[in-house]
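Please examine the sequence and the three-dimensional model shown here.

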Amino acid sequence: MQAVNSMLKSSYAELKNLRSLTLASLLAAIYAVSYLPLAGRIIIVPGVIEIRFGFIAIAIAGALFGPVTAAIAAFIGDIVGTIMFSGSNFFWGFTLNWVVLGLIFGLIFYKEKVSTGRVVAAMLFNTCIINMILTTTWLAMMGVGEFKTLFVARILPNCVMLPINILILLFVLRGVCSAYKKLIFKQS
């Protein structure tokens, strides 16, 4: 528990660093732009299987700046993206999903080497808890359908997308974290 408290304090301190704050804001903006239909996703099977890129910006924020900063970036990015680009109704449950995901990405990746195991753990949490349970709950609350029916319908697309998202996140996060470390050490 002490390690988590230390990580949260360190992540909070990132908000006082101008470089960290600027990059976290940029990542929040990138996440917000991912709400644009043509910019933030590749549609494989319309309405069923889509590669969405918003989670990458939040994962990068978590890896570079920790859980607090990533959660704030996710919160701001989700609100801005929904209001400006999605054209749909805003629902707090989906914002909660992104805040939780930012926290989890930060807890898993912050100040740690990006390993396959960490990426798999993060994406399993995203798929099983956030996508399958929380998102399905919010959709049922919004009247899209019954929880059980929605849950069953969402199993196949989430199972198909899990390994794809793992590979995308693994390669992108390794590359970005490596480049960021080289840039930081070069400037120090």
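The paragraphs below treat the pockets, a surface patch, a salt bridge and selected residues.

The model is predicted, and local features need pLDDT of at least 70, side-chain atom pairs count only at pLDDT 80 or more, and totals for chains, interfaces and linings use all residues. Residues are numbered from 1 along each chain as its sequence is written, and side-chain values use heavy atoms, with hydrogens and water left out.

**Pockets**

A pocket is an open set of points on a 1 Å grid over the protein atoms alone, where a 1.4 Å probe fits and protein lies on both sides within 12 Å along at least five of seven lines; lining residues have an atom within 4 Å of a point. The volume is the space filled by probe spheres set on the points, which are joined across faces, edges and corners. The largest pocket holds about 1,300 Å³ of space. Its lining has 40 residues, and those closest to the centre are Glu-50, Arg-52, Asn-131, Thr-135 and Arg-154. Two or more lining residues come from each of strand E2 (49-52), H3, helix H4 (92-109), helix H5 (116-141) and helix H6 (147-187). Helices (H or I, at least four residues) and strands (E, at least two) are DSSP runs, numbered from the N terminus.

The second largest pocket holds about 390 Å³. Among its 19 lining residues, Ala-63, Leu-64, Lys-111, Tyr-180 and Lys-181 lie nearest the centre. Helix H2 (18-33), H3 and H6 each supply at least two residues of this lining, and H6 gives the most, with seven residues.

The table divides both linings by class: Ala, Val, Leu, Ile, Met, Phe, Trp, Tyr, Cys and Pro count as nonpolar, Asp, Glu, Lys and Arg as charged, and the others, Gly among them, as polar.

| Pocket lining | Nonpolar | Polar | Charged |
|---|---|---|---|
| Largest pocket | 20 nonpolar residues | 15 polar residues | five charged residues |
| Second largest pocket | nine nonpolar residues | three polar residues | seven charged residues |

**Lys-111**

Lys-111, one of the residues nearest the centre of the second largest pocket, is placed in the loop between H4 and H5. Although Lys-111 is not a glycine, its phi is positive, at about 60°. Lys-111 counts as exposed because its relative accessibility is 62%, where exposed means over 50% relative accessible area, buried under 20%, and partly exposed in between (1.4 Å probe, protein chains only).

**Nonpolar surface patch**

Ile-72, Phe-75, Ile-76, Val-80, Ile-83, Met-84, Phe-90 and Trp-92 form a nonpolar patch on the surface, together having about 770 Å² of accessible area. Such a patch is made of residues with over 30% relative accessible area and no salt bridge, with nonpolar side chains (Val, Leu, Ile, Met, Phe, Trp, Tyr) joined within 5 Å. Areas come from the Shrake-Rupley method with a 1.4 Å probe, and for residues only the protein chains shown count as cover. Helix H3 (residues 54-86) provides the largest share, six residues. Ile-83 is in helix H3 and is exposed, at a relative accessible area of 62%.

**Salt bridge and separations**

A salt bridge requires a side-chain nitrogen of Lys or Arg within 4 Å of a carboxyl oxygen of Asp or Glu; the count by this rule is one. The side chains of Glu-112 and Arg-118 form it, at 3.2 Å from N to O. Glu-112 is partly exposed at 35% relative accessible area, as is Arg-118 at 28%.

Thr-95 lies in helix H4 and is buried, with a relative accessible area of 1%. The C-alpha atoms of Thr-95 and Arg-118 are separated by 23 Å, the two residues being 23 residues apart along the chain. Leu-8, in helix H1 (residues 2-14), and Val-68 are 60 residues apart along the chain, and their C-alpha atoms are separated by 6.2 Å.

How values were computed: Patches are made of residues with over 30% relative accessible area and no salt bridge: like charges are joined within 9 Å, nonpolar side chains (Val, Leu, Ile, Met, Phe, Trp, Tyr) within 5 Å.
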